[in-house]
Amino acid sequence: MASSTATAALALFAVGLAAAPLRGARAASLIQGPVGGAFLTSDIAYPGQFPWHAAVHKAGEDANSLLGSGALVSQMFVLSAASIIPADLTGVELEVVLGIVSLRQAGSKVSVGQVKKHDQWTSANPRVDDLALLQLATSVELTDVIALVALPPWYYRGATYKDLSVSVSSWGAESPDYKDMFLREVIADVISNRDCQKESGVKMEPTQLCAHQSADDQDVVLGAFDGGDPAVFIEPSGVARLIGIMSAEKQQGPSNSQKPAVMARITEHLAWIAANSDADIGG
């Protein structure tokens, strides 16, 4: 159950979010969502808009080897989804690419030294506890287009984010050739786990988070190809807090875009992240 401090904080966030003006192209693309909430159509990201977004792929191969995405949570760790990591890493080297908004860009490539999948994650139930920490072989140099995402503070544990909007950065699925893909922003509204369970017919755990994308917003299908997509909540102060990591749901097209997108709920995994990385909780 959320602490009174977390509840009060989120109430203030909701007020601030409702009062804050929409920026740039997003203001012109406001549409009505299928469950009564407001959604924004997906926009191609500009350099530096999502400086924490990492493309995860097999080293030494082209963009079509993309496995998914992740978020840079420290200069040595990327947080991603366990479900995108090959079951057998024997002879497989992974690499993350940072600072790009197109898969044709070279960006900053960093080799992955070690992979730590969540202790409770299993391939039999891949959407639960679907997290993996990728420890980088070398420390990342931060720039104008490469930066850390802020993790929630400890007292946010139990916060639901219900009815609040989140910003998801995703390569999406508008092309069968990854090399033609651009990073895009998709806005969705968080729904309760109870509503998500009713709609999906699958039991939802407290460690999971669900969000709805607009049925009219078909440029990017949440979860289509990118397990590991980061979902951030923009606080009134402008701080982007990582609250979700997309599970690799493998939806097959826009006809499925009304299904809830399922993510790992970061506020309920802070202890695991802290125990297995040097990420600053609440920084």
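Which residues is Ile243 in contact with, leaving aside its neighbours within four places in sequence? Hi everyone, let me start there. The list is Tyr161, Val166, Leu209, Ala231, Val232, Phe233, Ala264, Arg265 and Ile266. Please keep in mind that we are looking at a predicted model.

Leu209 and Ile243 are separated by 34 residues in sequence, while their C-alpha atoms are 8.5 Å apart in space.

Now to the nonpolar cores. The largest one has 51 residues, and the members with the most contacts inside it are Val73, Leu79, Val96, Leu242 and Ile266. Several elements each supply at least two residues of this core, including strand 8 (108-117), strand 14 and helix 3 (270-276). Strand 5 gives the most, with five residues. If you click on Leu79, you can follow its contacts beyond four places in sequence: among them are Val73, Leu133, Leu242, Ile266 and Trp272.

Apart from that core lies another, of 16 residues, and this is where Ile243 comes back, along with Tyr156, Ala188 and Ala261 among its members.

Tyr156 brings me to the aromatic rings. The model has three aromatic pairs. In one of them, the ring centres of Tyr155 and Tyr156 are 5.1 Å apart and the planes meet at 65°, so this pair is edge-to-face. Are these two tyrosines buried or exposed? Tyr156 is buried, with a relative accessible area of 3%, whereas Tyr155 is partly exposed, at 42%.

Last stop, for those of you who like cysteines. How many disulfides does the structure hold? The answer is one. The partners are Cys196 and Cys210, with their sulfur atoms 2.0 Å apart. The link is left-handed, with -55° about the S-S bond. Cys196 is buried, with a relative accessible area of 0%, and Cys210 is buried with a value of 0% as well.

Note on methods
Residues numbered from 1 in each chain as written. Predicted model: local features only at pLDDT ≥ 70, side-chain atom pairs only at ≥ 80, totals over all residues. Heavy atoms only, no water. Phe/Tyr/Trp six-rings, centres within 6.5 Å; stacked < 30°, edge-to-face > 60°. Buried < 20%, exposed > 50% of the residue type's maximum accessible area, 1.4 Å probe, protein only. Contact = heavy atoms within 4.5 Å. Disulfide = S-S within 2.5 Å. Core = buried A, V, L, I, M, F, W, Y, C linked by side-chain atoms within 4.5 Å. Helix = DSSP H or I, 4+ residues; strand = E, 2+ residues; numbered from the N terminus.
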